[in-house]
Amino acid sequence: MRLRPGTLLRGWETVRDPAFGHRLVVWLLRPASGPWHAVALAVVLGIAVSTSLRENWGTDNAFVVKAARTLLAGGSPYEDKRFLYLPSAVIMAVPEALLPQAVLRWLLPPAMSALLAVGWWAALRLFAVPPRSRLAIGGFAALALAYKPYVNLVLIGNWTAISAAALPVALLFARRRSWAAAGLVVGLAIACKPMLVPIGLLFVLARQWRGLAVAVLVPLGVSLLGALMMPSPTLFLTKTLPFLLKGQDAYALPWDASPIAVLPRLGVPEPVAVLLTAAGALGGLVAAWRRWRRTDGPGDADGGELRLAETACMVMLAAFLVSRPSFDHYLLVVLPLLLASAVRPGSMPRSPWFWLALTPQVALVPWPSELAHKRRAFKDCATLCGLAFMLAGRALRPVRVTLAPVTTAGSPPRTEPECAATPAESASRTAF
């Protein structure tokens, strides 16, 4: 098959063999054999075991456990400036604080993988992908093996894994019109770590006020309970919150992938970096609004799942652009949803540009030493901006229309754009 230059860079559907993408999806949706399951299990368990044997395991989780143990000892968790979560997170961390360190060493890495697996399963179910398919089994193993932030998240034990599990589960409930349950899931995730606060915009766009109320009241109530249980809870407002608004300090800067932090390291004046990043985030929010309003486009040839997932991912990516800090593992909150959407025509993974944006995060790529360790934020920022730009471009593109033929008595068929322009026919239906 002969291709014109650049054909492959325009997506699977533009190749002269239009059935290629369909055949690949059909092959991925077939049940995975026993060896597929064995290899996937070996990959996930291998990463968990190797993480437990490393000396620096659970670095981020240690701050949360320390805060809970401080509370149990009668102190204020916010005396430690590295504890940056809501008071509710202290209560959530109490069960961990009661476990011995030796138990946490072997329990925490598999728990992180299990949370990511829950998010992957919910993302697959959102798009009706069988959980025993090749895409489900092999896709998760490939994500764990090839995507470096996965290993980083399992190693440090960051509670981002909770948000990575909660967002697809919440969208699955929302797809089934259980917005109150979706709000409960989001609220519990925010109580652990306030990462999913921007998803409140999705409830606003859908006009689901009851679900939004649940998402707000759950972390608020648990935080008030936690504040009543600890001395000096106002330290969160006077010490922790200002520390967060300043983007923390030099400790987090080398790994901060936010353009606000990366552009000044490349020589861009900080005020210019702030303006550029704010404009990008605002554009992302506009794109999310446009994506939600577009219900009859060519990419919505399903029950609305793609619209729901892409709107949520666009909101989160826009927030990650201005978040201080914004780490590489934050993308695991949206990546399972984007990968699972590959079964839908017109989705982002069907474009080679999507995979090009993920290239900086591929493990075992021999990047120059200048981009390793404390300068890896440059790669992380490139991936973040690339995914945000691609998804915003998809959301802002105009809806294509087809011109239906109009036949009148005594005349041949003809096309009348003024009265016959209709959206491209699809099998979609309005889901919300």
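**View 1. Leu-317 sits in helix H15, which covers residues 305-322.** Helices here are DSSP runs (H or I, at least four residues), strands are E runs of at least two, and both are numbered from the N terminus. This is a predicted model, so a local feature needs pLDDT of at least 70 and side-chain atom pairs count only at pLDDT 80 or more, while totals for chains, interfaces and linings use all residues. Residues are numbered from 1 along each chain as its sequence is written, and side-chain values use heavy atoms, with hydrogens and water left out. Is Leu-317 buried or exposed? Leu-317 counts as buried, at 0% relative accessibility (buried is under 20% relative accessible area, exposed is over 50%, partly exposed is in between, with a 1.4 Å probe and protein chains only). Setting aside neighbours within four places in sequence, Leu-317 is in contact with Leu-331, Val-334, Leu-384, Leu-387, Ala-388 and Leu-391 (contact means heavy atoms within 4.5 Å). Look for Val-333 too: its C-alpha atom is 9.5 Å from that of Leu-317, and the two are 16 residues apart along the chain.

**View 2. Glu-310 and Arg-394 join side chains in a salt bridge, 2.7 Å from N to O.** A salt bridge here puts a side-chain nitrogen of Lys or Arg within 4 Å of a carboxyl oxygen of Asp or Glu. Glu-310 lies in helix H15 and Arg-394 in helix H18 (residues 377-396), so the pair ties together parts that are 84 residues apart in sequence. Glu-310 counts as buried at 3% relative accessibility, and Arg-394 counts as buried at 9%.

**View 3. Glu-305 meets Arg-175 in another salt bridge, at 3.2 Å from N to O.** Glu-305 is in helix H15 and Arg-175 is in helix H8 (residues 160-175), so to speak two distant parts of the chain, 130 residues apart, linked by this pair. Glu-305 is buried at 9% relative accessibility, and Arg-175 is buried with a relative accessible area of 14%.

**View 4. Arg-324 and Asp-256 form a salt bridge, with their closest N and O atoms 2.8 Å apart.** This one links loops: Arg-324 is in the loop between H15 and helix H16 (335-340), and Asp-256 is in the loop between helix H12 (235-245) and helix H13 (259-265), 68 residues apart. Asp-256 is buried, with a relative accessible area of 1%. In total, the structure holds six salt bridges.

**View 5. Helix H11 runs through residues 209-229.**

**View 6. Leu-282, Leu-285, Val-286, Trp-289 and Leu-396 make a nonpolar surface patch of about 440 Å².** Patch residues have over 30% relative accessible area and no salt bridge; like charges are joined within 9 Å, and nonpolar side chains (Val, Leu, Ile, Met, Phe, Trp, Tyr) within 5 Å. Areas come from the Shrake-Rupley method with a 1.4 Å probe, and for residues only the protein chains shown count as cover. Helix H14 (residues 270-293) gives the most to the patch, with four residues. Leu-285 is in helix H14 and is partly exposed, with a relative accessible area of 38%.

Technical notes
Expected span 1.5 Å × (residues − 1).
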